[in-house]
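Subject: The structure, and some notes on it

Hi,

Here is the structure I promised to pass on. Could you look through it with the notes below beside you?

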Amino acid sequence: MPSSLPNSIHARDVEYLLHAVTNARRHEERGPIIIDRGEGIHVFDDEGRSYIEAMAGLWSVAVGFGEKRLADAAYRQLQKLPYYHSFSHKSNEPAVLLAEALVRISPERLTKVFFTNSGSEANDTAVKLVWYYNNARGLHAKKTFIARQGGYHGITIAAGSLTGLPTNHRDFDLPIIPVKHVTTPHFYRYAQPGESEEAFSTRLAEELEATILEAGPDTIAAFIGEPLMGAGGVIPPPAGYWEKVQAVCRRYDILIVADEVINGFGRLGTMFACEYYGIDPDILVLSKQITSSYQPLAALLISDAIYQAIADNSAKIGTLGHGFTAGAHPVATAVGLENLAIIEENGLVENARAVGEVMQRELRRRFADHPLVGEVRGIGLIAAIELVADKATKARFDPVGKLGLAIFDAGHEHGVIIRAIGDQIAFCPPLIITEAEMIEMLDRFERAFHQATAALA
Ligand code: PLP
């Protein structure tokens, strides 16, 4: 076994790598799973085991692993121009072409693109551009963001502050920017007995309005939300939610930032979730599936109104003093362009809708009635199963995450990689998945699920 050798990659991983989002002491005991290569919806570890990647990596590998067209696009661009930047009037063709394509496919009011390397940087940029925009308009007090409990927007200082998950705040001294977190739009968990989805949405919109009025509308800059929450547990909002939230925001000159880092590029069966929910954002944040994560890249699209104020202010003070060394990177954007071409040419958005419909049905058919399953939810090719200790009372496990972790571990044994968010099991397979592959994925998961739940009894 390679893992038992003192000089193995496994041993050296434990020796040298600090892992993201990992219990470091547990990692020292169990060591890493070294993923060695990937092909389509599968990845293979260095001990020869194959797994269906039911999470597309981190919700991101739309076109699957081993896509030669993306490797070729990167290689071509590396040979021609491996690096350049967008500071002080410089530009490069792939960045321009990808910006043009993103404006073409995104909601109509969005006209300009700013590139960053990660979703967190993009959300930090959103915060800074909103502040810059409001300062440019002379609205110097209008700085507070409204986000949601359970929302995920990244982990840098500003984005991490917008994130509404305790594990991303605890002992990091976050949140640190002015932000207010309102209730998670999760009907199963937070609706009152007898409340309809519409009534729940109305109550949340009233809560939002009360939050704005209490702080003073002249202090609230923007509302940020994932159209369908991802990392907080895959939570589709209740009926009418976005319509009502948008109406409140418009009433008080509050910008809407749609964080589609997970939702974007077909995940819900529409190119963007804004389309699915009828959201008309002032700022749209994209990453992950923008390159299928073959290269680090994120993009921020802004409305013309925001652009015009920013442009005037940059002329007034001499510059827009914001940008990243590797922003608008030619290799990342060349890969992004090719990735978008694959998504469009191969009808991956339509595939997500068609296979997604069957996946949603199958998940409900197989798991909804199980005594330890509280809710099965999702849209298109993103879904979650919420595990509960008591179906009738919706009581959570104590400690939270015990069963989720057992299923996650059993998944590896049965050749499927899922994500356990506490006791919420997430599915987000590559958009290329066929119906037969999706059924195989659920078969493997079902075996892992029954093994782990039987061990609990
Ligand atoms: N926004 C959303 C909705 C995300 O899901 C993520 C990452 O999962 C981010 C932002 C942060 O992106 P990154 O990890 O690239 O910083």
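One definition before the details: helices (H or I, at least four residues) and strands (E, at least two) are DSSP runs, numbered from the N terminus. Please keep in mind that this is a predicted model, in which local features need pLDDT of at least 70, side-chain atom pairs count only at pLDDT 80 or more, and totals for chains, interfaces and linings use all residues. Residues are numbered from 1 along each chain as its sequence is written.

**Helix α5**

The expected span of a helix is 1.5 Å times one less than its number of residues. Helix α5 (residues 93-105) has 13 residues, and its first and last C-alpha atoms lie 19 Å apart, close to the expected 18 Å. I call a residue buried if 20 or more other C-beta atoms lie within 10 Å of its own, exposed if 12 or fewer, and partly exposed in between, with C-beta atoms placed from the backbone. By that count P94, A95, L98, A99 and L102 of α5 are buried. They cover an arc of only 130 degrees around the axis, which puts them on the same side of α5; the arc is that of the directions from the helix axis to the C-beta atoms. E100 and R104 are exposed on the other side of α5. The buried residues of α5 pack against α4 (68-80), β4 (110-116), β10 (298-303) and α14 (330-345), where a contact means C-beta atoms, placed from the backbone, within 7 Å.

G138, with a positive phi near 80 degrees, follows α6.

T125 is found in helix α6 and is buried, with 27 other C-beta atoms within 10 Å. Leaving aside neighbours within four places in sequence, T125 is in contact with F114, T116, L300 and H322.

**Helix α16**

The 12 residues of helix α16 (residues 402-413) should span 16 Å, and the end C-alpha atoms are 17 Å apart, which agrees. L403, G404, A406, I407, A410 and G411 are buried in α16. Seen down the axis of α16, these buried residues fall within an arc of 160 degrees, so they line one face of the helix. Their packing partners are β12 (382-387), β13 (416-417), β14 (419-421), β15 (424-427) and α17 (435-456). After α16 comes G415, whose phi is positive, near 80 degrees.

**The whole chain**

The chain has 17 helices and 15 strands. Of its 457 residues, 48% count as buried. The C-alpha atoms fill a box of roughly 65 × 60 × 40 Å, taken along the principal axes. Among contacts between residues at least 6 apart in sequence, 71% join residues at least 24 apart.

Best wishes

Note on methods. Contact = placed C-beta atoms within 7 Å.
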